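The sequence and structure are shown first.

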Amino acid sequence: MSSFEYQDLFLKAQYNKNAKYHMFCFDIVSSSKMSKENRISAQYDLIFFMSEFKKQINNLEENYNRRILIDEKELSSCYDLNTDPCIIGDTFVITVYNGSISREEMLSIFYNLVNSRKIDYSFHISDGLYETNNYRDGGSKLYRGYCMQILSQLHKDNYSSIAKRMK
């Protein structure tokens, strides 16, 4: 099954107060139209975001004395999705425990990094809750991989109905 077939699980997870994970997705706008040089530079920016974002969240974990970033040990059954944060093509994804940090604080960190890096291109930004890192549970709970796919596609026409329902 494709992630498109999991729209109902995705929408249900957004209202599940017990959803354990909150995923943030930052996708470069129109990266396919970038010159080769700009695309390579943007890829380095994503690597920078990944490492700096993780450092800043780790500092917050120390300050707040609680876990914020997902423990990668929980991802061992996710095969190729077993690192967090991660980069997939022109998309940067980071996952936190639901309720451990506000959406506003996560976006503030992101925009501070964009400003410090003097980024001159835009991002599609989406976030959502999901319920499981175990693919086997993906028939009844929203699985990480499907959440990642849906979030990275929310700005596209074939997912416009989900985007509208989320607003």
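Leaving aside its neighbours within four places in sequence, with which residues is Phe-49 in contact? Counting as contact any heavy atoms within 4.5 Å, Phe-49 meets Lys-54, Phe-92, Phe-110, Leu-113, Val-114, Ile-119 and Phe-123.

## Basis of the model

The model is predicted: local features need pLDDT of at least 70, side-chain atom pairs count only at pLDDT 80 or more, and totals for chains, interfaces and linings use all residues. Residues are numbered from 1 along each chain as its sequence is written, and side-chain values use heavy atoms, with hydrogens and water left out.

## Overall fold

The chain contains five helices and four strands, taken as DSSP runs numbered from the N terminus (helices H or I, at least four residues; strands E, at least two). Along the sequence their pattern is α-β-α-β-β-α-β-α-α. Among contacts in the chain with a separation of 6 or more, 77% join residues 24 or more positions apart.

Of the 167 residues, 48% count as buried; buried means under 20% relative accessible area, exposed over 50%, and partly exposed in between (1.4 Å probe, protein chains only). The accessible surface of the chain, about 9,200 Å², belongs for 47% to carbon and sulfur atoms; areas come from the Shrake-Rupley method with a 1.4 Å probe, and for residues only the protein chains shown count as cover.

## Helix α3

Helix α3 spans residues 103–117, and its 15 residues reach 21 Å from first C-alpha to last, close to the 21 Å expected at 1.5 Å a residue. The expected span is 1.5 Å times one less than the number of residues. Its buried residues are Met-106, Leu-107, Ile-109, Phe-110, Leu-113 and Val-114. Seen down the axis of α3, these fall within an arc of 155°, so they line one face of the helix; the arc is that of the directions from the helix axis to the C-beta atoms.

The cover over this face includes β1 (21–28), α2 (36–64), β3 (91–97) and β4 (123–130). On the other side of α3, Glu-104 and Asn-115 are exposed. Lys-118, which follows α3, has a positive phi near 55°.

## Nonpolar cores

A nonpolar core is a set of buried Ala, Val, Leu, Ile, Met, Phe, Trp, Tyr and Cys residues joined through side-chain atoms within 4.5 Å. The largest has 26 residues, of which Phe-26, Phe-49, Phe-53, Ile-57, Ile-94 and Phe-123 touch the most other members. At least two residues of this core come from each of β1, α2, β3 and α3, and α2 supplies the largest share, seven residues. Apart from it lies another core, of 21 residues, including Leu-9, Phe-10, Leu-142 and Cys-147.

## Aromatic pairs

The whole structure holds 16 aromatic pairs. Rings of Phe, Tyr and Trp (its six-membered ring) pair if their centres lie within 6.5 Å; planes under 30 degrees apart count as stacked, over 60 as edge-to-face and the rest as tilted. The rings of Tyr-21 and Tyr-130 are stacked, because their centres are 4.8 Å apart and their planes at 20°. Since Tyr-21 lies in strand β1 and Tyr-130 in strand β4, the pair ties together parts 109 residues apart in sequence. Tyr-21 is buried at 5% relative accessibility, and Tyr-130 is buried at 0%.

Phe-110 and Tyr-111 form an edge-to-face pair, with ring centres 5.5 Å apart and planes at 70°. Phe-110 is buried at 1% relative accessibility, whereas Tyr-111 is partly exposed at 43%.
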